Amino acid sequence: MQQHVQRSVWRLLPPLPPLPLPARLLSSRAAQPRRLRHPTPPANAHKKNPAPRLRVADQHVAALVARRSSSSSVVAACRALAAKEQVGVLAATDMQAWNVALQHRLAQDDVAGARALLALVGSFDAANTSAQLWADLLFTLLRQHQSALSDGNEVKRLLDALRDAHGADFIAHTLASVVNGCAKLAMFDQARFLVLYSLALGADALPLPPRVVGNLVSVMAAKRRHADVVAFTTDLFAYAHFGLADFPQQSFIALFQSCARARESPARAVAHFLQWVRAQTRGSSDAPASSSSSSQRRRTEGREPPHALERVFGAAIQCCVETEQPRLALRCYDAIRSTNDSNDTNDSDPNDSKRRPIPIDENIYVNVLKACAATADAALFKDVYRAMMRDGVARGPGVGSAIRFCALAGDVAFLEEVLDDAFALEDALQGAWMLAVEQYNDALGCFARARRFELGKDLFARMAQNPFVAPDRVTMLEVVENHRDAPFADVFELMEFFLERGLGPDLKVFTSLLAMCARRRLVGDAVALVDAMRAQGIAPDLKTYTVVAFVHGTHADVGRIVDILATMAATRVATDDLFFEYVMNALYGASGIDVCFQLLRELRAANVPVPGGLYNALVDVGTRAGLVERTLHVAYNMECDGFALSSPRMRALITRCGSTAEMTELLRTFELLHQGAPPPAADAAAEGEPRFDADVYEDVIDLLARFNKRDVIPKIRKLAEDAGHDVEHEP
């Protein structure tokens with residue numbers, strides 16, 4: 001009020017005349033406003049965290065805080081302070097001074113001084129100390145990894161002394177912030193040690209808050225310490241008084257993710273999780289009976305009600321599937337169903353989180369379907385699929401898993417059900433979702449392998465009407481397979497359909513078309529397809545040449561087969577036994593055994609290298625036809641060309657011998673095969689391998705005895721002995 005009156009009085013006074021200014025102040029330069037100079041920055045302004053200014057009145061405390069104090073002076077100062085009155089010393093000292101003093105001692109590796117300091121602080125009365133003070137001291141101590149005082153035994157000794165002096169609850173309050181600090185700085189070994197130490201205090205001690213343990217597990221998982229997470233939780237669950245309710249559900253998610261990354265079995269984790277679910281959803285307590293009511297009440301304080309259990313179940317089931325534990329995944333699924341069923345039968349508040357049904361999303365269903373497929377439980381697979389459709393969560397992954405299962409199992413009836421559901425879902429969603437081309441391809445492949453070609457054609461017709469589904473080359477291949485029995489004109493119309501969409505046939509499609517020609521013995525179409533392949537720059541592979549050679553073999557066109565083998569040799573496409581098996585079966589079925597031997601002669605005449613597979617196929621077909629002598633000649637030429645005759649084929653020839661002439665020729669060829677060094681292919685497995693198995697020599701001995709040629713048996717025994725066999729067989 002007085003200030004307001006003074007302002008009013010000053011307004012009533014007339015303005016004062018301007019005072020005359022010196023001439024130098026009236027100059028243009030001097031009339032400009034002067035810039036204020038910044039004060040000189042302090043000496044430690046460049047430091048990010050300058051040393052705190054501690055309030056220290058006692059000279060002995062000042063000696064402790066001094067950075068350059070010697071170890072002896074620190075010990076002497078601690079003894080002097082211990083003899084003084086605590087209240088007066090602490091009242092005149094900043095609480096942070098003790099932590100700074102410990103930092104200086106550890107930095108100078110002064111073990112004696114640090115121990116004396118910790119003993120001094122530990123001797124403070126309960127009223128003169130605090131959990132925060134000891135939390136700072138313990139955290140400083142644990143950060144010095146190289147100090148002898150940071151050893152686990154030293155830290156345990158210090159904690160034991162604090163427990164005896166101030167009680168177990170004081171330790172629990174102290175360790176909570178220390179564990180969080182260690183987790184923040186990735187000091188996981190120290191944090192795990194402190195948590196396990198708090199559990200070792202017993203069931204009556206105040207446990208660490210659940211958020212502390214949960215934060216530690218989550219940070220370890222985020223830092224990819226997955227094996228440490230599994231080991232740490234195993235140690236936690238080993239304590240009988242560790243209540244599962246003290247383990248947050250977010251920690252279970254981190255645990256299951258760590259089990260999957262570390263490829264560890266989640267069996268124990270799943271067992272504890274299901275026990276945790278029963279305790280949470282039914283409101284039961286998992287505390288041991290020996291716990292008092294007060295300690296149990298303290299343990300349950302601060303717990304959060306369960307929420308979003310589907311996330312934890314989803315992580316558990318996915319972990320089980322990734323670690324190839326499908327039965328554990330099905331066990332988790334049964335737990336969801338049983339929990340929901342029990343909640344439905346109870347008359348309770350629907351808003352109660354413990355009675356809320358656990359929703360099952362598509363990701364859970366897909367993983368459960370994978371588990372069913374891994375256990376080959378088709379009935380359960382169908383039940384889970386139908387439950388997914390009833391819940392209305394099925395989309396691409398869920399429907400695709402069902403279609404893939406049908407394709408692998410060849411279950412056409414179930415595939416029809418899945419496709420009907422998928423098309424009904426497409427109509428209900430009005431274009432918001434539709435089957436992908438990969439799912440169409442799996443369904444088309446299933447119909448083709450089951451020879452349900454009409455269903456495949458109808459499915460492709462529906463696919464062709466959808467402008468948002470673009471077929472690919474796999475679609476082309478499966479469509480060709482579904483038109484296996486259709487007229488060839490229809491097949492070429494299909495090719496025009498794909499060509500209009502800029503999709504030309506690839507090697508697999510051409511091979512499938514050639515297979516159709518082979519089944520129908522269409523030589524001209526097969527040749528035209530090969531020419532079309534080459535015109536598009538597609539090089540035929542072994543499978544393509546096999547199909548084309550088979551088509552020519554069905555018409556006994558040996559010259560074309562020779563040309564194919566010459567082309568393969570020039571383009572370095574190696575043959576195999578299956579190639580000549582198809583060719584020989586086609587030639588033998590078309591014109592008999594003579595055409596088969598003609599192929600060998602024409603290859604030699606054309607100077608085309610004779611593959612070993614041709615010799616093996618000739619020996620097989622000659623043995624099957626009963627032409628033992630001609631086949632033995634082929635076998636001898638085979639050995640001369642460097643290809644070894646196998647023991648099973650030799651035994652088959654011995655078995656087919658039915659006349660004296662055949663026996664004589666076989667004995668002569670058998671002796672010739674033992675002359676000289678064996679072919680390289682014969683001893684490819686190991687050096688010094690016997691020429692034939694012991695059973696071959698025993699079969700020859702039986703053959704000689706059957707034709708009364710016992711005088712030759714000693715010679716055969718000698719060949720067996722030279723080959724490394726001790727044949728004592730008696731005919």
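Reader: Which helix is asparagine 99 found in?

Author: Asparagine 99 is found in helix H5, residues 97–107, where helices (H or I, at least four residues) and strands (E, at least two) are DSSP runs numbered from the N terminus. This is a predicted model, in which local features need pLDDT of at least 70 and side-chain atom pairs count only at pLDDT 80 or more, while totals for chains, interfaces and linings use all residues. Residues are numbered from 1 along each chain as its sequence is written, and side-chain values use heavy atoms, with hydrogens and water left out.

Reader: Is asparagine 99 buried or exposed?

Author: Asparagine 99 counts as buried, at 11% relative accessibility; buried means under 20% relative accessible area, exposed over 50%, and partly exposed in between, with a 1.4 Å probe and protein chains only.

Reader: And what is asparagine 99 in contact with, leaving aside neighbours within four places in sequence?

Author: With those neighbours set aside, asparagine 99 is in contact with Asp136, Leu137 and Thr140, contact being heavy atoms within 4.5 Å.

Reader: Changing topic, at what angle do H20 and H21 pack?

Author: Helix H20 (residues 396–409) and helix H21 (residues 412–429) pack at an angle of about 160 degrees, and their axes are 9 Å apart. The axes are lines fitted to C-alpha atoms, for helices over the stretch in contact, with angles running from 0 to 180 degrees between N-to-C directions. H20 is therefore roughly antiparallel to H21, given that angles under 35 degrees count as roughly parallel, over 145 as roughly antiparallel, 65 to 115 as roughly perpendicular and the rest as oblique.

Reader: Which residues in H20 and H21 meet?

Author: From H20, Val399, Ala402, Ile403, Phe405 and Cys406 meet Phe414, Leu415, Val418, Leu419 and Ala422 in H21. By class, this contact of H20 with H21 has 10 nonpolar, no polar and no charged residues; Ala, Val, Leu, Ile, Met, Phe, Trp, Tyr, Cys and Pro count as nonpolar, Asp, Glu, Lys and Arg as charged, and the others, Gly among them, as polar.

Reader: Which residues of H36 are buried, and what covers them?

Author: The buried residues of H36 are Val696, Tyr697, Asp699, Val700, Ile701, Leu703, Leu704 and Ala705, and their cover includes helix H34 (647–656), helix H35 (660–673) and helix H37 (713–723). Asparagine 708, which follows H36, has a positive phi, near 55 degrees.

Reader: How many helices and strands does the chain have?

Author: The secondary structure of the chain comes to 37 helices and 0 strands, and 45% of its 731 residues count as buried.
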